[in-house]
Structure formats: C-alpha cells, structure tokens
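Keep the view open as you read.

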Amino acid sequence: MLIFQRIWKQITKMDFGFILLLSLIIILLGTVGSHFLEPETFPTLFDGFWWTMTTLTTVGYGDYFPVSVGGRMLGIFLFIFGIGIIGVLISKTVDSITTFQKFKREGKLVYTYEDHYIYINWSKKTERAIEEILAHVPDAEIVLIDMLPVTPIEHEQIHFIQGDPSDENILLMANIFEAKRVAIFSDSKIEDPSLIDGKTLLIASAVEGLSKTHQKEVHTIVEVSEDRHIPKFQHIAVEDFILSNDSVSLLMAKATLHPGTTNLFRQLLSKRYGNNIHEFKVKENWKTIKQASEELLEKGAILLAVNDNMDFTDATNRELHSADILYVVCHDRVYEELNQ
C-alpha cells in the first residue's frame, strides 16, 4: 500500500503534458489491445475504444467485456493504472480551467485578438462608455486596463488586464498595435486636476512611445481635466481630447439658454435614441459640400461636419476631396442603404 501511495504521489506531481501523453498511450493500448486479443468480442477498433473509455471513466455499461485471460489481464491493467491516470488528467484539466478563470479575473492573461477597443482607467464614465460601445457594436471586443486587483465588470466580451497602464509591457499585453482605438480616462481617485492630467499624460506618452518605437500608428483618445493642458498632449501627437468638466458645463449653459435642447444632445451622443453619428467617405459625384448635403438629405441623413469643420457658410463653392470624412446623423438603416 505504501508503494502505491508513493507512486500516486509522484504521478500527481507530473506535468500536465506528460499526463496527457500517458493517458493517450493507455487509451491506445486498451483500444488496440482489446481488438487484437479478442477480435470476436471487439470486432472493430471503435468497439475496443468504447470499452476502454467506459472502463477508464468507471462508467462500465457492461455491453462489452473481455472473456479471455489476456483480455482480462488488460482489463486489470486498466483498472489499476489507467483509471488513476485518467483521474489525474481530469483533475488537472479542471484545475487548469479554474486557474484560467482565476487569472482572467485577476487580469494576468495576454489578449491576442485584433480589432478591439482599449479602455484605460476604470470609473463610472468608463462603464458608461463601454455600455455605449456595446450598444453601437454588439460584438465589439474591449480590453480594460486598470490597477484594480480583480476585474470590476464581468462580461464575456470584456478582457481585463491588471497593471500600471504607463508600463509598456502592460500595454503590449493588451495587444495595443492591433487595437482600433485606445481611450485613456482620467483617474477618478485623484482630486488635483494637474496630477490627474499628469498621470494621463504619462500613460499617453507610453502609448505614443510604443507607437514610434515600433513604427505602428495607434489612435489615442484622451480625457483631459483642464484645457490648458491640451498643448502638452499635442506635443506627443495626441489629437482627440475630451474635456472632463467643460462638456457638462456647456450642456448646462445650453439648457439654461434654450430649454429642451439637452434631449437633442442625448440623441446625438447615444445610439439608444435611434439615430446615430456616422462617418462617410466622399463619393465621386460629390464635388461640393452642397451637393453632398442635398443628396444625403434626400436619403434621410443630415450632414454635420466635414472632417472637424462645421462651418458651411461657403458650402456651394467649397470643394470636397477624396480624403475628406463626412459626419452625418441618420438612422442605422439609412446608413446601410447609403453604403450599398
């Protein structure tokens, strides 16, 4: 008994790959051996495989069983060694799945897929932004980077990575070069605006540093607490900014001057109200902004801006270029029709 205990202890310490290989050898031995020793009892290899598996998993249906001495000796071998090896394999498989889930919750797994969105720093604003992204693109994949000990949100399409987002290794774990966008939110745990933007700048610098080192473009969107800090971000080639407080203040001012306008802004910002802001490329027959605007309006879409310019005072004469991006407001159905 002591010998068997020692053998079992050594088996349980073996590597998963070795246990898997040993299990496959035992299954192959039982399958081929049963068919070779008793071809009448096990007329096909599949019959031998079926008996071997029901024996190793201790199911034992009894529909097949060896009758010769050689066949029964093979059965005894499977009873003594095979069942134990398979038991260890199942145990290690369950442990691996449990460990995988644990590492996933703790953000220790590398993200290897492409065309995802990276969100850095968790807060209520981050949660709301993720909800909006999933409302726009239900199958979107999102990677969240934060220093929390475990993931703050459980969702099959959200992959959590735990660590300092200013660390290049953490950014590489998020597969940053294959991401569509990188959005850096302000750290809500910091109160001083200068310190908030200082940390955001450090993270943005790490992102842009990786971009230059590997010569791969990374589109970064940054939340800034104070607009006087924007030039510092522009210095490292960040172009898209969201001002933390100004957006709320400006919306409040608009609502004060023009009651009811807040509903309009909500419709523009959120897909949940039906219409949405879409991007369009310039069609060949659109020579001027006026032509594009009139054709879009006939289809049920309203032109908001060309690139980042919303001034259409000279729309009749201003020419469009193939590289221009048109931003329009329309229903998703209209957007699909226009792209056909």
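Start on the surface, at a nonpolar patch. Its members are Leu29, Val69, Met73, Ile76, Phe77, Phe79, Ile80 and Phe81. Together they have about 770 Å² of accessible area. Helix 4, residues 69-105, gives the most to this patch, with seven residues. Isoleucine 80 is found in helix 4. How open is isoleucine 80? Its relative accessibility is 46%, so it counts as partly exposed; the cut-off for exposed is over 50%.

Now step back to the whole chain. This is a predicted model. The protein chain has twelve helices and nine strands. Of its 340 residues, 37% are buried. The chain exposes about 20800 Å², and carbon and sulfur atoms supply 60% of that area. Among contacts between residues at least 6 apart, 61% join residues at least 24 apart.

Next, go inside. The largest nonpolar core holds 28 residues. Which of them touch the most other members? They are Ile118, Ile120, Ile145, Leu171, Ile176 and Ile184. Several elements give two or more residues to this core, among them strand 1 (117-120), strand 2 (142-146), helix 6 (168-173) and strand 4 (181-184). Strand 5 (220-224) and helix 8 (230-234) are also on that list, as is helix 7 (193-214). Helix 7 gives the most to this core, with five residues. Leaving out residues up to four places away in sequence, it touches Ile118, Leu171, Val182, Val207, Leu210 and Val218.

Which residues of helix 5 are buried? The answer is Thr126, Ala129, Ile130, Glu132, Ile133 and Leu134. An α-helix has 3.6 residues a turn, so residues three or four places apart point the same way. Keep that in mind when viewing the helix.

Is threonine 52 buried or exposed? Its relative accessibility is 0%, so it counts as buried. Tyrosine 64 lies twelve residues from threonine 52 along the chain. The C-alpha atoms of these two residues are separated by 9.6 Å.

Finish with the charges. Side chains of opposite charge can pair when their charged atoms come close. The count here comes to nine salt bridges. In one of them, the side chains of arginine 228 and glutamate 226 meet at 2.5 Å, N to O. Arginine 228 has 51% relative accessibility and counts as exposed. Glutamate 226, at 23%, is partly exposed. Elsewhere, salt bridges that share partners join Lys102, Glu106 and Lys108 into one network. Glutamate 106 meets lysine 102 at 3.0 Å, N to O. Glutamate 106 also forms a salt bridge with lysine 108, with the closest N and O atoms 3.1 Å apart. Glutamate 106 has a relative accessible area of 17%, so it is buried. Lysine 102, at 44% relative accessibility, counts as partly exposed.

Key
Residues numbered from 1 in each chain as written. Predicted model: local features only at pLDDT ≥ 70, side-chain atom pairs only at ≥ 80, totals over all residues. Heavy atoms only, no water. Helix = DSSP H or I, 4+ residues; strand = E, 2+ residues; numbered from the N terminus. Buried < 20%, exposed > 50% of the residue type's maximum accessible area, 1.4 Å probe, protein only. Contact = heavy atoms within 4.5 Å. Areas by Shrake-Rupley, 256 points an atom, 1.4 Å probe, with all protein chains shown as cover. Patch = residues over 30% accessible without salt bridge, like charges linked within 9 Å, V, L, I, M, F, W, Y side chains within 5 Å. Salt bridge = Lys/Arg side-chain N within 4 Å of Asp/Glu carboxyl O. Core = buried A, V, L, I, M, F, W, Y, C linked by side-chain atoms within 4.5 Å.
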